[in-house]
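Please consider the following structure as a guided reading, taken one region at a time.

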Amino acid sequence: MTDPTGDRPTVPPPEPPDSVDAWYAPDVRAQYEPYPGVVATVRERVGVGGSEFGYETREPSLGPAGERAAAAVADRFDAGQHRRPLTRAGAVERADAGFEPKYDRAVDRLVDAAPALRRRVDYHVLREFRLLGAATPLALDDRIEVADVSGEDGRVVVHTTEFAPAATAVSVDAEYVGRVASERLRSYEVSFEGFAVDVVVYRDRLLGEDRFATKYAVREPPLLPGDEALIAECKERVWETTATEVVEDRTAFVRERARRFLSRRLTARDTRAWVDATAYRVRAALAAYDLAVPPVDSRYADDRLADLVYYVLRDYVGEGVLTVPLRDPHLEDVEANRVGERVKVVPRAGLGADGRVPTNLSFDSESAFVNVVTQLAALDGTELNASNPSAKVNVDLDGVADTIRCAVALPVISTDGPHLSVRKQSGDPHTPVDLVESETLPTELVTLLWLLYEHRGVVLFSGPTGAGKTTLLNAHTPFIPFDARPVSIDEGSREVLLPHETGISLTTRDHENEFKRVTMADLMTEANYLNPDVEVIAEVNTPASFETFGESLNTGHGVLGTTHAEDVNALVNRVIEQGLPPYLLGEIDLVVFPHNVDGDRYVAEAVELAGDDALANCAGAGGVVEKDGAAVAWNRVLSRSPDGTFSFAYDHPDLGDDTRRLDLRVFHRIADRTDRTVEAVEREFHRKHRYVRYLVREGVTDFEETFDFLADLRTDEAATVERVRRETTHEADADGGGGDGDSDGDGDGDGGGDRDSDGDDTISPSTATASANGRTAIDGGAAGDARTLDGGTAEGRRE
């Protein structure tokens with residue numbers, strides 16, 4: 001282009017890159033700065049197959065001086081452990097935060113440059129050792145929504161918010177490229193001896209890189225070059241330490257000696273630190289005579305010493321690489337199968353991950369694995385050796401509320417080395433309200449279980465591993481009367497939670513010496529001498545436990561238990577195969593079948609069983625299971641539809657009607673057991689159902705609070721009802737509204753009706769008095785609100 005005279009060429013004014021008149025960049029469609037110093041450019045290229053986009057990045061330039069400085073830092077850091085971000089969010093946070101103090105101090109010693117050059121050097125060092133290498137610019141660009149490795153030329157393809165697909169210059173084989181589009185699901189901290197260890201649960205979005213998309217990562221402190229050897233030497237010195245007195249606090253003992261040794265070594269290994277230490281001592285001496293200000297100890301970065309001490313404590317006080325998972329309250333199971341394989345965990349519901357999830361942890365050597373396995377067994381007083389190579393133990397860790405049950409084995413019986421399986425029972429047990437709120441079961445089933453737990457019924461929870469059998473059993477143990485005597489019999493490990501002062505927990509013990517072994521039969525004999533009201537047999541799975549369960553059915557005690565069978569057919573077949581006579585199944589009042597589908601736990605079905613001697617009375621039952629010439633009939637009490645709704649068989653207020661007799665056979669059994677009429681049991685069911693609905697509406701999810709409320713009801717039901725009425729009425733008045741069940745607004749709570757919506761006569765809160773049998777039912781009337789102990793509207797619900 002020339003000027004008007006035609007003598008000299010001229011340059012037109014600059015245009016934006018997306019302008020069609022941008023002569024100097026006609027193919028640029030977007031250009032922006034996703035991170036300070038990093039420029040992203042999207043170009044459109046026209047090829048044989050049509051137009052396509054290309055994604056390019058330009059990072060800060062270093063120049064010769066910067067390259068030398070970056071090379072010096074790289075030479076120092078190359079042999080260290082570098083904790084890379086696992087997700088895009090982590091990469092952005094790491095880039096914004098910069099170096100940790102111990103890294104920053106090391107870079108200070110290696111780089112002497114102007115501030116501008118130092119910033120560029122810092123970026124490149126971060127990129128190579130603390131970020132994602134060549135994939136870093138992609139992770140820092142929040143406009144990139146998807147990253148794919150399906151590019152035909154072996155390059156990563158990205159989809160931005162405006163352009164897709166766009167080929168990059170990053171190879172699909174580049175390290176950490178799979179983390180560019182990873183999604184962080186949860187991030188939290190787990191405490192261990194004063195340290196807060198980061199945990200990240202994330203999901204990869206790069207197909208073909210790993211069979212497991214969701215992962216669990218423990219973000220332990222990274223180590224600088226030489227730190228591993230320093231830690232090993234420190235552990236050896238601590239091990240050789242001679243204790244001159246009884247060690248009451250093992251953690252403090254190890255911590256104090258580790259800090260003392262490591263601080264000396266960190267100071268002695270660095271010349272500059274030695275000079276600083278000398279100046280420190282001189283200044284301290286002068287300060288003693290008020291000739292100088294007391295110095296600040298800056299011989300080395302404090303976080304580096306703390307990181308080293310963490311690893312010493314982790315291996316000597318903790319459980320090695322399993323230290324954090326065992327203390328993580330968000331995990332249900334921890335599994336380590338063999339040396340060199342990733343440890344697997346099973347997160348609890350709500351963490352965003354279903355099923356088994358691999359971790360970034362593994363055992364590097366068989367000796368380290370064996371040490372952890374034998375240590376866990378020793379915590380429960382069990383010695384593992386060649387003659388006793390496996391055990392089921394309970395472990396109580398300091399500061400951990402969970403009850404930890406471990407199945408451990410040595411290489412004697414495990415082909416690929418030791419193995420370990422840990423089940424963690426939450427220290428904050430579920431309550432019936434928790435289960436109702438999570439739609440695990442309906443309030444009607446909670447009420448039925450209450451009746452059975454209280455009146456010495458026989459209940460069996462049956463389902464596959466991880467379905468929530470023990471959770472269901474334990475959640476309802478507060479329904480066992482507070483003054484009753486429950487006795488639990490566990491095989492190998494404690495699973496049953498008894499909040500009762502009168503409760504006793506018994507556990508079998510394996511031992512190579514027959515005379516020191518404690519079997520299920522031994523515990524059964526012991527339990528009978530303890531005068532139990534209810535026997536709880538967790539994990540009815542082995543022949544010995546089935547035999548114990550069968551014997552318990554004939555004692556007249558209430559019996560609760562769990563077993564492994566997914567449905568009625570599997571349960572009947574298994575019981576008969578274990579040698580129990582079919583007629584014993586008729587002694588079971590209720591079988592509850594929980595399921596676990598993609599992490600969603602719920603009760604799929606509850607049934608009644610009738611032994612072969614009761615088949616004549618089972619017309620209309622849910623079905624009949626035949627096995628080895630025996631027939632067992634069953635009746636469905638509760639079922640769950642695919643849409644999540646529950647169907648309860650009992651929908652008739654009059655159980656005396658013969659046409660409804662089979663709807664809940666268990667009511668007749670309770671009536672016979674308590675020498676009452678079926679109608680009386682029906683009224684009790686209605687009354688208890690109102691209490692359950694009240695607990696749900698009030699959100700009573702504390703285990704002890706639930707137990708206390710039930711104990712108060714048993715001690716004096718009328719007084720407890722009146723107390724609740726006063727509390728809820730006071731809260732309603734404090735909210736500025738009328739009284740509970742008040743339809744005319746005068747606050748007197750009369751509500752215009754004293755008849756229960758369930759159909760049986762009850763007494764309203766405004767006129768609560770004891771009934772003829774000494775019990776009081778609470779009803780807010782049809783117009784009552786949710787603060788009463790009966791179902792009403794949702795108005796006034798306390799959140």
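A crossing of two helices is called left-handed if the near helix is turned anticlockwise from the far one by less than a right angle, and right-handed if it is turned clockwise. Helices (H or I, at least four residues) and strands (E, at least two) are DSSP runs, numbered from the N terminus. The model is a predicted one, in which local features need pLDDT of at least 70 and side-chain atom pairs count only at pLDDT 80 or more, while totals for chains, interfaces and linings use all residues. Residues are numbered from 1 along each chain as its sequence is written, and side-chain values use heavy atoms, with hydrogens and water left out.

The crossing of helix 18 and helix 19 is right-handed. Helix 18 (residues 665–674) packs against helix 19 (residues 678–698) at an angle of about 110°, and their axes are 8 Å apart. Here axes are lines fitted to C-alpha atoms, for helices over the stretch in contact, and angles run from 0 to 180 degrees between N-to-C directions. The two helices, helix 18 and helix 19, are therefore roughly perpendicular to each other; angles under 35 degrees count as roughly parallel, over 145 as roughly antiparallel, 65 to 115 as roughly perpendicular and the rest as oblique. From helix 18, Phe667, His668, Ile670 and Ala671 meet Val678, Val681, Glu682 and Phe685 of helix 19, where contact means heavy atoms within 4.5 Å.

The loop between helix 18 and helix 19 contains Asp675. Although Asp675 is not a glycine, its phi is positive, at about 55°. Most residues other than glycine have a negative phi, and most peptide bonds are trans. With 73% relative accessibility, Asp675 counts as exposed; the term means over 50% relative accessible area, whereas buried means under 20% and partly exposed in between (1.4 Å probe, protein chains only).

Two further backbone features lie in other loops. Tyr176, in the loop between strand 6 and strand 7, has a positive phi near 70° and counts as partly exposed at 21% relative accessibility.

Three strands form an open sheet in the order 7-8-9, with antiparallel pairing. Its edge strands, each pairing on one side only, are strand 7 (183–192) and strand 9 (214–219). Two strands pair if DSSP finds at least two bridges between them; six bridges join strand 8 (residues 195–203) to strand 9. Across this pairing, Asp198 stands opposite Arg219, and Tyr202 stands opposite Lys215. Both faces of strand 9 are covered, with Thr214, Tyr216 and Val218 buried on one side and Lys215, Ala217 and Arg219 buried on the other.

Helix 15 (residues 520–528) has Met520, Leu523, Met524 and Ala527 as buried residues. They cover an arc of only 105° around the axis, which puts them on the same side of helix 15; the arc is that of the directions from the helix axis to the C-beta atoms. The buried residues of helix 15 pack against strand 17 (486–490), strand 18 (504–507), strand 19 (534–537) and helix 16 (543–553).

Finally, Asn474 belongs to helix 14 (residues 469–475). At 4% relative accessibility, Asn474 counts as buried. Apart from neighbours within four places in sequence, Asn474 is in contact with Gln425, Glu495, Val496, Leu497 and Phe703.
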